[in-house]
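This briefing is intended for a reader who has the sequence and the coordinates at hand.

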Amino acid sequence: MQQREEKQLDASVDSLISRVAHVKNALHSFIYKLENEYERLTWPSVLDNFALLSGQLNTINKLLKNEKTPSFRNQVIIPLLLSPDRDEDLAKLTEQRVPVFSHEIVPDYLRTKPDPEVEEQEKQLSAEAGRIGLDVAQKQIQNLNKMCSNLLEKLNNPREDRDAESAAMRQSKPSFNPADTNALVGAVAFGKGLSKCRPPGPVAPGHPGQGPMMSGGPTLQQVTIGSGSGQPAGMGGSVAPQQQGQPGKMPSSIKTNIKSASASMHPYNR
């Protein structure tokens with residue numbers, strides 16, 4: 001009976017080692033692609049690698065849950081020899097990851113419980129969970145289940161959602177006028193459609209082909225102030241000539257306006 005159990009345990013261990021080796025090879029190949037072939041790697045290829053790893057892990061879980069597989073939790077591993085010297089056989093079995101089986105690394109490799117830091121974090125989480133009321137916990141569970149359901153629904157129906165969004169975008173009306181946009185770009189970049197008139201203002205002397213005023217600007221006409229009657233003459237109108245030796249008398253209101261205009265045009269008053 002004992003020999004049968006030992007043979008069954010050995011067969012289970014060998015099968016488990018073989019399955020784990022498959023997972024290790026798949027992980028090694030996937031990591032190599034991510035590090036060296038990331039430029040040519042496509043999303044469908046990444047999904048295929050994830051699917052392969054998921055299938056291999058499910059196979060290991062089924063193997064561990066099989067009725068014929070003995071319970072590994074009942075098996076105890078005891079280190080028979082600890083040495084600080086390098087062990088070539090151990091290094092070969094572990095692919096140079098564990099060259100020495102000493103007192104320093106045995107607690108890490110043969111640990112059956114989490115690290116003390118992890119245990120402390122688990123205790124804190126358990127204490128926080130115990131302080132939450134039953135109603136609050138039930139609401140949080142419902143919200144989490146709702147979020148997971150919505151996420152799974154979006155992941156399971158991505159093509160339908162994309163088709164619906166594309167149809168909605170095609171049916172939506174544009175919010176701009178292409179003709180106005182093209183006209184604005186042409187005016188800013190190339191001056192297309194802008195008028196060629198120049199702003200009014202004096203022109204510096206010496207420029208050929210230009211008069212005293214810019215083309216398109218207002219022109220000034222001489223204003224002659226009448227004498228005696230106190231009524232100013234109109235723009236460009238004819239005024240009776242004054243008699244020689246008798247200059248016309250300027251009204252006081254016109255004198256005041258001329259003085260105020262001269263004061264405002266002085267460079268120190270600008």
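Predicted model: local features only at pLDDT ≥ 70, side-chain atom pairs only at ≥ 80, totals over all residues.

Does Lys 24 count as buried, partly exposed or exposed? Lys 24 counts as partly exposed, because its relative accessibility is 35%. The protein has 9 helices and 0 strands, and 9% of its 270 residues count as buried.

**Overall make-up**

- From the N terminus on, the order of elements is α-α-α-α-α-α-α-α-α, in keeping with a count of 9 helices and 0 strands.
- Of the 270 residues, 9% count as buried, a class that requires under 20% relative accessible area.

- Helix 2 covers residues 43–65 and has 23 residues.
- The distance from the first C-alpha of helix 2 to its last is 33 Å, close to the 33 Å expected at 1.5 Å a residue.
- The buried residues in helix 2 are Val 46, Asn 49, Leu 53, Gln 56, Ile 60 and Leu 63.
- Helix 5 covers residues 116–131 and has 16 residues. Its end C-alpha atoms are 23 Å apart, which agrees with the 22 Å that it should span at 1.5 Å a residue.
- The number of buried residues in helix 5 is 0, so this helix lies largely in the open.

**Salt bridges**

- Side chains of opposite charge can pair when their charged atoms come close. The whole structure contains 5 salt bridges, including the pairs described below.
- Glu 95 and Lys 24 meet through their side chains in a salt bridge, at 2.5 Å from N to O. Lys 24 belongs to helix 1, whereas Glu 95 lies in the loop between helix 3 (88–93) and helix 4 (106–109), so the pair ties together parts that are 71 residues apart in sequence.
- Glu 95 counts as partly exposed, because its relative accessibility is 45%.
- Arg 97 also meets Glu 95 in a salt bridge between side chains, at 3.3 Å from N to O. Arg 97 is exposed, with a relative accessible area of 54%.
- Asp 115 forms a salt bridge with Arg 111, and the closest N and O atoms of this pair are 3.2 Å apart. Asp 115 is partly exposed, with a relative accessible area of 38%, and Arg 111 likewise counts as partly exposed, at 36% relative accessibility.

**Surface patches**

- A patch of negative charge on the surface gathers Glu 5, Glu 6, Asp 10 and Asp 14.
- One of these residues, Glu 6, is found in helix 1, which comprises residues 2–36. Glu 6 counts as partly exposed, because its relative accessibility is 43%.
- Val 76, Ile 78, Leu 80 and Leu 81 make a nonpolar surface patch of about 540 Å².
- Val 76 is exposed because its relative accessible area is 69%, where the class begins at over 50%.

Key
Residues numbered from 1 in each chain as written. Heavy atoms only, no water. Patch = residues over 30% accessible without salt bridge, like charges linked within 9 Å, V, L, I, M, F, W, Y side chains within 5 Å. Areas by Shrake-Rupley, 256 points an atom, 1.4 Å probe, with all protein chains shown as cover. Salt bridge = Lys/Arg side-chain N within 4 Å of Asp/Glu carboxyl O. Lys, Arg positive; Asp, Glu negative; His and termini not counted. Charge placed at Lys NZ, Arg CZ, Asp CG, Glu CD. Helix = DSSP H or I, 4+ residues; strand = E, 2+ residues; numbered from the N terminus. Buried < 20%, exposed > 50% of the residue type's maximum accessible area, 1.4 Å probe, protein only. Expected span 1.5 Å × (residues − 1).
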